[in-house]
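Let us walk through this model step by step. Keep the sequence and the coordinates at hand.

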There are 2 protein chains.
Amino acid sequence: MTLQNDLFLRAVKGETTERTPVWLMRQAGRILPEYRAVRAKLKDFKELVSSPAFAAEVSIQPVDLLGVDAAIIFSDILVIPDAMGISYEMKEAKGPYFPSPIRHEADLAKIRIADPMADLGYVLEAIRLTKKELNGRVPLIGFAGAPFTIFAYVVEGSGSKTFSVARRMMYENPALSHQILQKITDSTILYLKAQIEAGADLVQLFDSWAGILTPAHYEIFSLPYIQQICEAVQTAPKTVFAKGAFFARKSLAKLDCQVLGLDWNMDIAESREMIGKEKTLQGNLDPCALYGSFADIKTETEKMLRAFGKTRHIANLGHGVYPDTDPDKVRCFIDTVKNFRG
Amino acid sequence: MTLQNDLFLRAVKGETTERTPVWLMRQAGRILPEYRAVRAKLKDFKELVSSPAFAAEVSIQPVDLLGVDAAIIFSDILVIPDAMGISYEMKEAKGPYFPSPIRHEADLAKIRIADPMADLGYVLEAIRLTKKELNGRVPLIGFAGAPFTIFAYVVEGSGSKTFSVARRMMYENPALSHQILQKITDSTILYLKAQIEAGADLVQLFDSWAGILTPAHYEIFSLPYIQQICEAVQTAPKTVFAKGAFFARKSLAKLDCQVLGLDWNMDIAESREMIGKEKTLQGNLDPCALYGSFADIKTETEKMLRAFGKTRHIANLGHGVYPDTDPDKVRCFIDTVKNFRG
C-alpha cells in the first residue's frame with residue numbers, strides 16, 4: 001500500500017522533505033482523554049497492552065487527534081521478558097515489578113527465547129489491525145527495549161534510581177550477565193522481525209537506562225547487543241534511542257541503523273558533530289517545555305528546528321511526553337513543526 | 001590546630017602530594033555496622049541528623065574504621081528547606097516527602113531565609129564536636145545542596161524520576177522559580193559560612209539533580225546560584241559536584257571553586273580537557289565497581305588513578321557509596337589508592 005504521508009520514512013532515509021516530520025514518544029497514552037476513556041474500560045495497563053483491538057484503537061488516536069506523521073504501536077518494552085518466562089506485574093504509580101527476578105545461574109533455566117508467534121501474537125495482531133485501520137495514512141513504528149534496559153529490569157526486579165542490583169551482577173558475574181543479555185537479544189531479533197512482517201515500517205530500540213552505565217560498561221554490555229539486533233534486522237529501518245548515553249554518541253554513530261534519538265540534555269550541534277552526517281537525528285525538545293505558554297512552545301520548538309536544520313531530522317521530544325501535558329500544548333508543538341519553513 | 005594529614009587540602013589547592021588523597025561520598029552511613037548500631041538507638045534518620053553527639057560519632061567512624069583522608073559531617077541537604085520553614089518527613093525506603101510543597105506565589109510567604117544559629121545550630125554543634133574529636137587527624141568537609149537541587153525537592157514535594165512538577169514551574173513561572181532559588185541561595189550562603197566558622201575545612205555543594213535540566217536551563221536556573229555561593233563564601237575552599245551535568249563541564253570550570261566532582265559517566269581525560277588544569281577533580285569510580293572482586297577493585301581503581309594522574313585529583317566514587325557495599329571492599333578501594341605509586 002502506498003503511504004499518503006511518507007515524510008517520516010523519507011527523513012529516515014536522509015531524503016530532503018518539504019518539512020520536518022513530527023511524532024512524540026508516548027503519544028498514544030494518558031495525555032489524551034480519548035485514551036483514558038479506552039483505558040477505563042479495562043482492568044489495567046497490561047490488559048490494554050494485550051488486547052489487540054484496544055491497543056490498535058489507542059495507537060491510531062494520536063494520528064486522528066494530534067495529526068502526527070507516524071503512529072507507534074501501543075505496547076510495552078516489558079512484553080519481551082514476559083514472553084521469555086519472566087512475568088511482571090504493573091503496579092499503578094509504582095511501575096513494573098518482577099516477583100521472580102533473574103539473579104543466579106540457576107535462574108537461566110527459567111528463561112526461554114521468546115517465540116513471537118506463540119508468545120507475542122497479541123502485539124503482532126495489534127500491529128496488523130493498526131496497519132489496516134491506518135489505511136496508509138502514516139507509517140507505523142514498532143519497538144522493543146534494548147537488551148541492557150530489559151536486563152536491568154529483570155535482574156533488578158523493578159524500576160530503580162540506581163539499578164545497583166542489576167549493575168552488581170555485571171561486576172560480580174559478567175559471564176552470567178552476557179548469557180542473559182544474549183537470550184534477550186535473540187528474543188528481540190525474532191520479535192522485531194515479526195513486528196516488521198506484521199506491518200511495522202520502522203522499529204525503534206529504547207535503551208532507557210543507558211545513562212546509568214559507565215562508558216566502558218556501555219561498550220561491553222549494551223552496544224554489542226544493539227549492534228547484533230541492528231545487523232540481524234534488515235527488513236526495515238531502525239532507530240536507536242539511548243537515553244542518557246551522551247558518552248557513547250561516537251559509538252552509536254557506528255551502529256547499523258538509520259536514526260539516533262537524542263534526549264533533551266544533549267546539545268544538538270555538538271551531537272551532530274560527534275555523530276556525523278550519515279544518521280538522521282530524532283528529538284529532542286525538553287518534555288517540560290510543553291508546560292510553557294503557547295508562545296514559548298513555539299519559540300522553543302523553532303529554536304530546536306533551526307538547530308537541527310532542514311534535513312536528517314525527525315522532530316520529537318527528548319523523552320516520552322509527560323502524562324499531565326495539555327493536549328493543546330502538544331498540538332502547538334506539532335503545528336509549529338508543520339508550519340515551520342525556517 | 002595543625003592537621004596531621006593535610007593531603008586532602010593540599011590536593012584541593014593543586015599542590016603536589018606524596019599520594020592521592022581519598023574519601024567517599026556517604027562514607028558515614030549504612031555501609032558500616034557501627035553506623036547501623038548508632039542509628040538503631042534512635043527513632044529515625046532525622047533524629048540522627050539533629051543529634052550533634054551522634055552525628056559527630058558517625059562522622060568520625062570512617063576515619064577510624066576505613067582510614068579515609070577526610071571526614072564529612074553527617075547531615076542531609078534537606079536541613080536547609082527545613083530551616084527555611086519547609087518541613088519534610090523522611091520516609092524509610094521512600095525518601096523525603098514535603099507535606100506542603102512550594103507551588104505558588106502565595107507559598108513564598110511561607111519561606112524565610114534560614115538563620116543558621118537559630119535554625120541549624122544542631123549541625124554547627126555537630127561540626128564543632130566532630131572537629132574536636134578528630135583532633136587534627138584529617139580535615140572536615142561541610143556541605144549543602146546546590147540551590148536547584150533543593151528547589152527541585154521543595155517544589156516537587158518529594159523525590160522523582162522526572163521532577164516534572166518542579167521543572168514545570170521553571171517553564172510556567174520563571175520569575176517565581178528565581179525568587180525561590182534566590183531565597184535558597186541566601187540561606188545556603190549563611191549556612192556554609194557558619195559551617196566554616198564552626199570548623200569545616202572545605203564545603204561541598206551537591207547538585208544531585210543537575211542532570212535532569214537542559215543545558216540552557218542549567219545556565220539559567222542552576223549555575224548562577226552556585227556561582228553566587230562560590231563568590232560569597234571565601235573563608236574556605238569549595239567543591240562543586242553537579243551529578244549528570246556532563247553538558248556543563250566547560251561552564252563549571254569557570255566557577256569560583258577549587259574542586260569539581262565527576263560522576264562515573266564522565267570520561268576522565270575528556271573532562272580534564274574540557275575543564276582545564278586549574279581545578280582539582282574529585283571522583284569517579286563507579287560505585288557498583290565495589291561489588292566486584294578484590295582483584296577487580298584494585299584493577300579498576302588503579303586504572304582510574306592512572307587516568308587522573310598524580311596531581312589535582314582527590315580519589316572518590318562517582319556517587320555516594322551504595323549502602324549494601326561490603327566495608328572490606330571499601331577498604332580495598334581506599335588501600336589501593338594509598339598504596340598506588342603508579
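In what order do the seven strands of the open sheet in chain B stand? The order is β1-β4-β5-β6-β7-β8-β9, and the pairing is parallel. Bear in mind that this is a predicted model. At the edges of the chain B sheet stand β1 (71-72) and β9 (313-317), each of which pairs on one side only.

One pair to look up is B:F241, whose bridge partner in β7(B) is B:G261. A helix also packs on this sheet: α10 of chain B, residues 174-198. It touches β4 (140-145) and β5 (202-207) of chain B, and its direction makes about 170 degrees with that of β4(B).

β6(B) also pairs with β5(B), in the parallel sense and over five bridges. There, B:D207 stands opposite B:A242 of β6(B). Is β6(B) mostly covered or mostly open? It is mostly covered, with five of its five residues buried. In a regular strand, side chains alternate between the two faces of the sheet. Here B:K238, B:V240 and B:A242 point one way from β6(B), while B:T239 and B:F241 point the other way. Both groups are buried.

Now take chain A. Its open sheet has seven strands in the order β1-β4-β5-β6-β7-β8-β9, with parallel pairing. β1 (71-72) and β9 (313-317) of chain A have a single partner strand each, so one side of each is left without a neighbour in the sheet. Within the sheet, β5 (residues 202-207) and β6 (residues 238-242) of chain A run parallel and are joined by five bridges. A:F206 has A:F241 as its bridge partner in β6(A). Helix α14 of chain A, residues 294-308, lies across β8 (280-285) and β9 of chain A. It runs at about 155 degrees to β8(A).

Next, check the helix α10 of chain A, residues 174-198. Its 25 residues, at 1.5 Å a residue, should span 36 Å. The end C-alpha atoms are 36 Å apart, which agrees. Just after α10(A) comes A:G199, with a positive phi of about 135 degrees. A:P174 lies in this helix. Why does A:P174 count as partly exposed? Because it has 15 C-beta neighbours inside 10 Å, and the partly exposed class lies between 12 or fewer (exposed) and 20 or more (buried). A:P174 and A:I220 are 46 residues apart along the chain, and their C-alpha atoms are separated by 9.7 Å.

Back in chain B, helix α7 (residues 121-134) passes the same kind of check. Its 14 residues should span 20 Å, and its end C-alpha atoms are 20 Å apart. Buried residues in α7(B) include B:V123, B:L124, B:I127 and B:L134. What do the buried residues of α7(B) pack against? They pack against α4, β1, α5 (79-83), α6 (116-119), β4 and α10 of chain B. After α7(B) comes B:N135, whose phi is positive, near 55 degrees.

Two packed helices are described by the angle between their axes and the distance between the axes. For α2 (residues 33-40) and α4 (residues 52-65) of chain B, the values are about 170 degrees and 9 Å. That makes α2(B) roughly antiparallel to α4(B). From α2(B), B:E34, B:Y35 and B:V38 take part, and they meet B:F54, B:E57, B:V58, B:Q61 and B:L65 in α4(B). By class, the contact has five nonpolar, one polar and two charged residues.

The loop between α1 (7-12) and α2 of chain B holds B:R19. This residue is partly exposed, with 17 other C-beta atoms within 10 Å. Leaving aside residues up to four places away in sequence, B:R19 touches B:K338 and B:F340.

Finally, how many residues of chain B are in contact with chain A? There are 21, and they meet 21 residues of chain A. Helix α9 of chain B, residues 164-172, gives the largest share of the chain B side, five residues. That side has nine nonpolar, six polar and six charged residues.

Note on methods
Residues numbered from 1 in each chain as written. Chains lettered and ligands numbered in written order. Predicted model: local features only at pLDDT ≥ 70, side-chain atom pairs only at ≥ 80, totals over all residues. Pairing = 2+ DSSP bridges. Helix = DSSP H or I, 4+ residues; strand = E, 2+ residues; numbered from the N terminus. Contact = placed C-beta atoms within 7 Å. Axes fitted to C-alpha atoms, helices over the stretch in contact; angles between N-to-C directions. Nonpolar A, V, L, I, M, F, W, Y, C, P; charged D, E, K, R; others polar. Parallel < 35°, antiparallel > 145°, perpendicular 65-115°, else oblique. Expected span 1.5 Å × (residues − 1).
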